[in-house]
Amino acid sequence: MATVTDQTVTTRDRETAGRPVQKARTFWRSTTAVVVLRILVIIIALALWQVMSGPVLPEYAVSKPDAVYHALVKMLSSASGWTDIKVTTVEVLAGFGLGVAAGTVMGLVLGSFPLLGRVLEPLVAAVNGIPKIALAPLFLLFFGIGPWSKITIAMTGVAFVVFYNVYLGLRLRERELVEVVQVMGGRKHHVLGYVTIPTLAAPFFAALKTGGPLAILGVIGGEFIASSEGVGHELFTAAQNLDAASEFAGLIVLVALTLGLNAVLSALDSYALKRLGLAARRRPQPKR
């Protein structure tokens, strides 16, 4: 009996001693730990930036975090700063939305008609090979320095990304599944709902996440070339004036715009995949 009791106590001691280790491992794998580590990395990077600006790096080129902070506060506290942010945001959203619509329609049409796709695919590839920023002067001639020239540049970049994902998704659609639905008496809308949309969901949302930064890049590039307002216009003005603090403040605004757009698209992606039953299923955690 004493031996059994000793073994039981020893086993319990081992389990009790192992729990803190398991809790520590669980913490460092959790989302909270990831967020804490990200914040720590940002703090270290800002501290190194503050210390190295001047002695190591030229301050006129990289400024300092405190100067960038004051420039950002100045930008966000002025009416002209919010006007620039509003103009750029509207141009990005309009260009992104039109690009998604155009790319989706092109992909569906060329993917649904194989002969038309084989005829026009080389032409689409040729046009896509032209750098979108190289088309900016042409769009400026058509639409002037107003917002439509920037919207068109952004739309062009997004449209091709969405087109290729939708077009290739349709071409890679499993023919066997389509035939099974048709044999069971399904019509075109059944094929669309049970085969086409689930097949295109993942590449479509991947194209959206890729197209978001491209839309911002197109708008900022257009504002760099010719504009009277917008974040890109302010960035160009700050670069001409060698104002590094205002330059970084504008970049922070663009990063915030990119993160906001990506967060919306990620939420939409998760919701759509969940509704379609394509979300990854989590394995049940064993009870302890």
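1. Read from the N terminus on, the elements of the protein follow the order α-α-α-α-α-α-α-α-α-α-α-α, and the corresponding count is 12 helices and zero strands. The model is a predicted one, and the points below should be read with that in mind.

2. On burial and surface, 31% of the 288 residues of the protein count as buried. The protein exposes about 18800 Å², and carbon and sulfur atoms supply 68% of that area.

3. On how the chain meets itself, the contacts to consider are those between residues at least 6 apart in sequence, and among these 69% join residues that are at least 24 apart.

4. Turning to the second largest pocket, a reader may ask how much space lies in it. The computed value is about 360 Å³, and the elements that give two or more residues to the lining are helix H4 (65-76), helix H5 (79-112), helix H11 (231-240) and helix H12 (244-275).

5. Which element gives the most to the lining of the second largest pocket? That element is H11, which contributes five residues. The lining as a whole is made up of 18 residues, and those that lie nearest the centre of the pocket are Ala71, Lys74, Met75, Glu234 and Ser246.

Note on methods:
Residues are numbered from 1 along each chain as its sequence is written. This is a predicted model: local features need pLDDT of at least 70, side-chain atom pairs count only at pLDDT 80 or more; totals for chains, interfaces and linings use all residues. Side-chain values use heavy atoms; hydrogens and water are left out. On a 1 Å grid over the protein atoms alone, a cavity is a set of points where a 1.4 Å probe fits but cannot get out, and a pocket is an open set with protein on both sides within 12 Å along at least five of seven lines; lining residues have an atom within 4 Å of a point. Grid points are joined across faces, edges and corners, and a volume is the space filled by probe spheres set on the points. Helices (H or I, at least four residues) and strands (E, at least two) are DSSP runs, numbered from the N terminus. Buried means under 20% relative accessible area, exposed over 50%, partly exposed in between (1.4 Å probe, protein chains only). Contact means heavy atoms within 4.5 Å. Accessible areas come from the Shrake-Rupley method with a 1.4 Å probe; for residues, only the protein chains shown count as cover.
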